[in-house]
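These are my notebook entries on one chain. I record what I looked up, entry by entry.

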Amino acid sequence: MSHTHIALSIATGLGFTFTVMLSHAAPPDTSDAQNYKSHKALLIGVDGMQYEKLQQAIQNNMAPHIAGLNPAKSYIGGIDGTATEQTTGSGPGWTTILTGTWVDRHKVPSNNNAWRNKAPSLFKQLKQADPERKTSSIVSWNTINNNFADDIAQGFIDLAIKCSDVDQCVADKASYELEYGRSDLVFAHFDEPDNVGHRYGFSTRYQTAIQGVDDKVGQLLSALKRRKQSNPDEDWLVLVTTDHGRRLPDGRNHGAQTLSEKTTFIALNKPANEQLTRPITNPDNPGHDNLYGFASQADITPTLLAHFGIEPVPARHAMDGLPLTGPLGARLFSARLAPDAAQVNLTWNGDGSADKPVHIYRNGKQIASVDYSRRGYIDNDIKELKGPVNYTAVIDKVPVSRLITLGDKKP
Ligand SMILES: [Zn+2]
């Protein structure tokens, strides 16, 4: 454990009790510090880079750096028809990537400078686990740093730079920080493929924009290589991703719930687990050509936090994604209110952890442990619950959560 926790039980006027875990900013214990201080991460975001067009660029040898990180298919936009559904726009997309949550938690529903992320960000979770860690957010599309203005104001992002749509500025500032800076986490965001996509659609220019970004990814990787010569003990996770695809047939737009707009990718410099490498081929929800059997953009923040050695606390876990390295959690975890509103049906899928128990938490309190093979649990003790309820399923110390809002219209 890297911190001290105090559990407070609070009785509410609504007749139920919930538990709040207070985390004290104690430094990590020596063994954690030894193991993880040298773990650092570079998260590279490329706006609006459509998966098939990236594959095309890779086949034409126009994206060798990203190709070297083995991009695998993933999805954005939440699950349509549920509270997690969000537009395939950049504001919601980057906020999902940087928080591990969907719009029902992060509350950034569209592209607007005024929205403020409401979920604990990657930056905040890293700094709270270890205040000595340093973080950077260097963005071409300034709105990202506006959506995370609270994180900047509260000191969770140490170095925040807006490059105002100049991708070379991002490449230069991030390269400098990687080679000479003190950041443990660098987020670098490029925007050219999205800008070119809006202007020209799928075209030679779009493919050239992908190539241009790949060059800049190469610039960052070279800076990291030079840094490693003087810091050979450091262990850098490098992850490249995008925030949304593009609408067919011409690729000019995005925002809707179509397969091409929802399809994204995640590329890693580490061996990934089956959440990324082996999609579930028969998800309960077969929408968008079984897209929900793939990893999602909500998996990125949990993956980075796992690399930093931050052990999740099930009782206060509130992220919708799973780590893409290490042990597998409860894949396809979902929480649905039954039609008669008398029970909540929790389900999960996948066979990676077949003989493991699944521990179920509701609002921070463990309510059950069931065999993984049951693929679900029914919570029929919900009469007293009202408003947002956070369910968490834990396998092998890996939690994943879903929020469900219970109304007052129950019979
Ligand atoms: Zn766009």
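**Salt bridges**

I began with Arg226, which forms a salt bridge with Glu179, the closest N and O atoms being 2.9 Å apart. Arg226 lies in helix H11 and Glu179 in helix H9 (residues 167-180), so this pair ties together parts that are 47 residues apart in sequence. I looked up the accessibility of Arg226 and found 39%, which counts as partly exposed. I note here that the model is predicted.

I then asked how many salt bridges the structure holds. The total is 16.

I turned next to Asp158 and Lys127, whose side chains meet in a salt bridge at 2.8 Å, N to O. Asp158 lies in the loop between helix H8 (149-153) and strand S6 (159-162), and Lys127 lies in helix H6 (residues 122-129), so the pair ties together parts that are 31 residues apart in sequence. Asp158 is partly exposed, with a relative accessible area of 38%. Lys127, with 8%, is buried.

I also examined Arg362, which forms a salt bridge with Asp379; their closest N and O atoms are 2.8 Å apart. Arg362 belongs to strand S13 (residues 357-362) and Asp379 to strand S15 (residues 376-379), so the pair ties together parts that are 17 residues apart in sequence. I checked both residues for burial, and both Arg362 and Asp379 are buried.

I recorded one network of salt bridges as well: Lys37, Lys40, Asp130, Glu132, Arg133 and Asp184 are linked in it.

**Helices**

I returned to H11 for its packing. At what angle do the axes of helix H2 (residues 51-59) and helix H11 (residues 204-230) cross? I found roughly 75 degrees, with the axes coming within 10 Å. An angle of 65 to 115 degrees counts as roughly perpendicular, so H2 is described as roughly perpendicular to H11. On the H2 side, Lys53, Leu54, Gln56 and Ala57 make the contact, and on the H11 side Tyr206, Gln207 and Ile210 do.

I looked up helix H15 (residues 300-307) for burial. Of its 8 residues, 7 are buried, so H15 is largely enclosed by the rest of the structure. The buried residues are Ile300, Thr301, Pro302, Thr303, Leu304, Leu305 and His307. Just after H15, Gly309 takes a positive phi of about 75 degrees.

**Disulfide**

I searched the whole structure for disulfides, and the search finds 1. The disulfide joins Cys163 to Cys169, with an S to S distance of 1.9 Å. The torsion about the S-S bond of Cys163 and Cys169 is about -60 degrees, so the disulfide is left-handed. I looked up Cys163 for accessibility: at 4% it counts as buried.

**Ile76**

I placed Ile76 in the loop between strand S4 (72-75) and helix H4 (90-97). Is Ile76 buried or exposed? Its relative accessible area is 0%, so Ile76 is buried. Leaving aside residues up to four places away in sequence, Ile76 touches Gln86, Thr88, Gly93, Thr96, Trp102, Asp243, His244, Glu261, Lys262, Thr264 and Gln297. I also looked up the separation of Ile76 and Ile97: they are 21 residues apart in sequence and 9.1 Å apart in space, C-alpha to C-alpha.

**Backbone geometry**

I recorded a cis peptide bond joining Leu248 and Pro249, with omega of about 5 degrees. Pro249 is found in the loop between strand S8 (235-242) and helix H12 (259-262).

Asn70 has a positive phi of about 55 degrees and sits in the loop between helix H3 (64-67) and S4. Asn70 is exposed, with a relative accessible area of 57%. Lys397 has a positive phi of about 70 degrees, and its place is in the loop between strand S16 (387-395) and strand S17 (398-406). Lys397 is exposed at 60% relative accessible area.

**Whole chain**

The chain has 15 helices and 17 strands. Buried residues make up 55% of its 411 residues. Among contacts between residues at least 6 apart in sequence, 66% join residues at least 24 apart.

How values were computed. Residues numbered from 1 in each chain as written. Predicted model: local features only at pLDDT ≥ 70, side-chain atom pairs only at ≥ 80, totals over all residues. Heavy atoms only, no water. Axes fitted to C-alpha atoms, helices over the stretch in contact; angles between N-to-C directions. Helix = DSSP H or I, 4+ residues; strand = E, 2+ residues; numbered from the N terminus. Parallel < 35°, antiparallel > 145°, perpendicular 65-115°, else oblique. Contact = heavy atoms within 4.5 Å. Buried < 20%, exposed > 50% of the residue type's maximum accessible area, 1.4 Å probe, protein only. Disulfide = S-S within 2.5 Å. Salt bridge = Lys/Arg side-chain N within 4 Å of Asp/Glu carboxyl O.
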